[in-house]
Amino acid sequence: MKRRDKTNYYLDIAETTLERGTCLRRRYGAIIVKNDQIISTGYVGAPRGRSNCIDLGYCAREKMNIPRGERYELCRSVHAEANAIIHASRNDMLGATLYLVGKEVSSGEYVKNSNPCAMCKRMIINAGIKTVIVRDDEENYRVVDVEKDFVENDDSLSGIFGY
């Protein structure tokens, strides 16, 4: 029996967390790993005590036809990356890797060209996470160097929306 490579192993675990997600558009799962130890997990959902979109039966952003990657202030959810970061200490996250997997609710397909949103990128930077790995399909993924791709290439200055 052939063992799954370690990166896809961790992405598989991140993917299982998205099943807890409550977004009606896209579900994401994230885990933070350091020294082969899972530090934290997160999935998309409303803040504790608030109703989730899945419970309300609608997505406000979808009702307003807001494109992917825009107007997150109108979203009820906390993103998977943010939830994983919130539940870990910064000391544990310094130099860690965040694994991220997203799926479309309507089709079950992996979110194409998925990336953390601008706010999540800022949190990833401040958390001290070194690398982000994003699943593109069952076997393929992209490796993001946080310093090079999120800090030095500061897309917040470009005025480009979406992710």
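Select Cys117 to begin: this residue is buried, with a relative accessible area of 6%. Here buried means under 20% relative accessible area, exposed over 50% and partly exposed in between, with a 1.4 Å probe and protein chains only. The model is a predicted one, in which local features need pLDDT of at least 70 and side-chain atom pairs count only at pLDDT 80 or more, while totals for chains, interfaces and linings use all residues. Residues are numbered from 1 along each chain as its sequence is written, and side-chain values use heavy atoms, without hydrogens and water.

A disulfide is defined as a pair of cysteine sulfur atoms within 2.5 Å. The closest cysteine sulfur to that of Cys120 lies in Cys117, 3.7 Å away, and is therefore too far for a bond. Cys117 is accordingly in no disulfide, and the count of disulfides is 0.

Now display the strands. These are DSSP runs of E with at least two residues, numbered from the N terminus, and two strands pair if DSSP finds at least two bridges between them.

Select strand 1 (residues 26-34) together with strand 2: the two run antiparallel and are joined by 6 bridges. Ile32 has Ser40 in strand 2 as its bridge partner, and Val33 stands opposite Ile38 in strand 2. The two strands form a hairpin with 2 residues between them, and Asn35 in the turn has a positive phi of about 55°.

Finally, move to the second largest pocket, which has a volume of about 260 Å³. A pocket is an open set of points on a 1 Å grid over the protein atoms alone, where a 1.4 Å probe fits, with protein on both sides within 12 Å along at least five of seven lines; lining residues have an atom within 4 Å of a point. Of its 15 lining residues, Tyr43, Gly45, Ala46, Arg48 and Asn83 are the closest to the centre. Strand 2 (residues 37-43) supplies the largest share of the lining, 3 residues.

Conventions: Points joined across faces, edges and corners; volume = space filled by probe spheres on them. Helix = DSSP H or I, 4+ residues; strand = E, 2+ residues; numbered from the N terminus.
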